[in-house]
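Me: I have a structure open and want to go through it with you. Can we take it piece by piece?

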Amino acid sequence: MAEKSFKYIILGGGVSAGYAAKEFANQGVKPGELAVISKEAVAPYERPALSKGYLFPEGKNLKFAFGVCFLFREGIIIFTSIAGAARLPGFHCCVGSGGEKLLPESYKQKGIELILSTEIVKADLAAKTLVSAAGDVFKYETLIIATGSTVLRLTDFGVKGADSTNILYLREIDDADKVVEAIKAKKGGKAVVVGGGYIGLELSSALRINDFDVTMVFPEPWCMPRLFTADIAAFYETYYTNKGVKIIKGTVASGFTAHPNGEVNEVQLKDGRSLEADIVIVGVGAKPLTSLFKGQVEEDKGGIKTDAFFKTSVPDVYAVGDVATFPLKMYGDMRRVEHVDHSRKSAEQAVKAIKAAEGGGTVEEYDYLPFFYSRSFDLSWQFYGDNVGDSVLFGDSNPSNPKPRFGAYWIQDGKVVGAFMEGGCGDENKALAKVAKARPVAESLDELAKQGISFAAKI
Ligand code: FDA
Ligand code: NAD
């Protein structure tokens, strides 16, 4: 069994790992100082592509191609289209924020060792040692934990028949390949999507675009309840229904039956109904991958507790991305965020802090403004800030209009604390960020509804 030593190890090969590696390269690392260890077989990539461009039908021209939308997010609108689905190497980190694309060979060129298809099964933070499934030992001086999240599985809850073939989850590129294969094999068939959150909404759209007969099932009274108000959700539910997606609310999948070959053919719901299915996609949430470090590092809110530099309770150990529970300075509390913008920025912050400390200096505390977004069909929304307090809708939220453009503000203690917009242009999305950061006093909900995006644009 091999033993290797590095000055820095990034454990994980996802978004945070890619952005941390890029920041190390920017700051300067000597050949052989840094290793990225990932259980995935490919170099770090922009995970959001997996539920969007990766699932586009091959050969179709679609407006919201992967690269286009990231530029859109940065406020640069390039109306173009690419043929077919996104594939690697097109979306390796760090193209998602307009940065350099780190191809597998780029790591070598920068003196970074990319150790792929290598799962770490044991971490000894006191001995500064990681052990892989193959028994290889990796020693480090500084560790960045970037293990991200894993999906919650219906088999974990003992749902009968949940291990049938074609009941699929989506986290990594291998999962996405299975979804692509199933889409090809069951073309034009029936799909049931279990879950009404991010995966539920994005995958229902992707399957519909691939001409599946889609039914979404989720337990809550409206979709995406962790962010959407009932008003916002009503727009998306009607839009999806108009696109042919059937929505069943207030119940869960309680069992599955399969053909003799093991492939799922029916979903039983708790309310007694049953649905035919050729494919089932499950998106019932994720959990941070912290188990390797249990009992060795302080935890908070289900994640690894860090300070504003992503330093954990263990010296020389940092945690970034989905696994980190960090101080959200502007709200004065500890949060864990499962979104890509934070995974990129936390990774960069940790590396800057590590490098600054080596020179006896420091960097400014992480001062994060939460930013979430999603895209499906021809829709694209962005949200900044906190979705707490009262909320009000503005603009035209008629789902039948060809170009719906509407938004919402959240107000707490008389101040605007969160802002959302569907169909906003670059400047409008920038205004959302500004208003959520500035937290201005709002006269009344009615006034905000009347002023709409122009209220944010004045900030
Ligand atoms: P990430 O999951 O990216 O990477 C973790 C890496 O660690 C993986 O490579 C994993 O294999 C590896 N790993 C874990 N344990 C290991 C071990 N023991 N040994 C070796 N390697 C190990 N967000 C958003 O804001 N907008 C969006 O549109 C989307 N879209 C989206 C689509 C899909 C399909 C998913 C699954 C997620 C999103 N997200 C998103 C969320 C976003 O992608 C997510 O928050 C970041 O990828 C988190 O980055 P991390 O680096 O923390 O984890
Ligand atoms: P989620 O938390 O967004 O949604 C889970 C949904 O499943 C909720 O509506 C929940 O109530 C529902 N649910 C729970 N148990 C259920 C059951 N037994 N049957 C039916 N529904 C059930 O999680 P997700 O959509 O699975 O996403 C997984 C991860 O991927 C998250 O970290 C998410 O942030 C990330 N992601 C983000 C984006 C984005 O930001 N655009 C896109 C895709 C994925």
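Me: Let's start with Phe310. Where is it found?
Reply: Phe310 sits in the loop between strand S20 (303-305) and strand S21 (317-319). Keep in mind that this is a predicted model.

Me: Is Phe310 buried or exposed?
Reply: Buried. Its relative accessible area is 0%.

Me: And what is phi of Phe310 near?
Reply: Near 65 degrees. That is a positive value in a residue other than glycine.

Me: Ser117 has a positive phi too. What value, and in which loop?
Reply: Phi of Ser117 is near 50 degrees. Ser117 belongs to the loop between strand S5 (112-115) and strand S6 (120-124).

Me: Buried or exposed, that Ser117?
Reply: Exposed. The relative accessible area of Ser117 is 51%, and the cut-off for exposed is over 50%.

Me: New topic. How is the protein chain divided?
Reply: Into domain 1 (3-46 + 92-150 + 287-358), domain 2 (154-284) and domain 3 (378-457).

Me: How far apart are domain 1 and domain 3?
Reply: Their C-alpha centres lie 34 Å apart.

Me: What about cavities? How many of 30 Å³ or more are there?
Reply: A search of the whole structure finds three. The largest cavity has a volume of about 80 Å³.

Me: Which residues lie nearest the centre of the largest cavity?
Reply: Leu201, Tyr240, Ser374, Ser376 and Trp381. The whole lining has 14 residues. Helix H5 (198-209), helix H6 (230-242), strand S24 (371-376) and strand S25 (379-385) each give two or more of them.

Me: What does that lining have by class?
Reply: Eight nonpolar residues, three polar and three charged.

Me: Which domains does the largest cavity lie between?
Reply: Domain 2 (154-284) and domain 3 (378-457). Both give residues to the lining, so the cavity lies between them.

Me: Back to H5. How many of its residues are buried?
Reply: Ten of the twelve, so H5 is largely enclosed by the rest of the structure. Among the buried ones are Tyr198, Leu201, Glu202 and Ile209.

Me: What span should H5 have, and what does the model show?
Reply: At 1.5 Å a residue, the twelve residues of H5 should span 16 Å. The end C-alpha atoms of H5 are 17 Å apart, which agrees.

Me: What comes just after H5?
Reply: Asp211, with a positive phi of about 70 degrees.

Me: Which residues of H8 are buried?
Reply: Gly426, Glu428, Asn429, Ala431, Leu432, Ala433, Val435 and Ala436.

Me: Which residue follows H8?
Reply: Arg439. Its phi is positive, near 50 degrees. Arg439 is also one of the residues that Tyr331 touches.

Me: Where is Tyr331 found?
Reply: In the loop between strand S22 (324-328) and strand S23 (333-336).

Me: What else does Tyr331 touch?
Reply: Besides Arg439, Tyr331 touches Leu369, Pro370, Gly385, Asp386 and Val417. That leaves out residues up to four places away in sequence.

Me: Why does Tyr331 count as buried?
Reply: Its relative accessibility is 15%. The cut-off for buried is under 20%.

Me: Where do Pro89 and Cys94 sit?
Reply: Pro89 is in the loop between S4 and H3. Cys94 is found in the loop between S4 and H3 too. Phe91 lies in the loop between strand S4 (82-83) and helix H3 (104-109).

Me: Phe91, buried or exposed?
Reply: Buried, at 0% relative accessibility.

Me: Last one. Where is Ser400, and is it buried or exposed?
Reply: Ser400 is in the loop between strand S26 (390-396) and strand S27 (405-412). At 56% relative accessibility, Ser400 counts as exposed.

Notes. Residues numbered from 1 in each chain as written. Chains lettered and ligands numbered in written order. Predicted model: local features only at pLDDT ≥ 70, side-chain atom pairs only at ≥ 80, totals over all residues. Heavy atoms only, no water. 1 Å grid on protein atoms, 1.4 Å probe; cavity = no way out; pocket = protein on both sides within 12 Å on 5 of 7 lines; lining within 4 Å. Points joined across faces, edges and corners; volume = space filled by probe spheres on them. Helix = DSSP H or I, 4+ residues; strand = E, 2+ residues; numbered from the N terminus. Nonpolar A, V, L, I, M, F, W, Y, C, P; charged D, E, K, R; others polar. Domains from an automatic or database assignment. Expected span 1.5 Å × (residues − 1). Buried < 20%, exposed > 50% of the residue type's maximum accessible area, 1.4 Å probe, protein only. Contact = heavy atoms within 4.5 Å.
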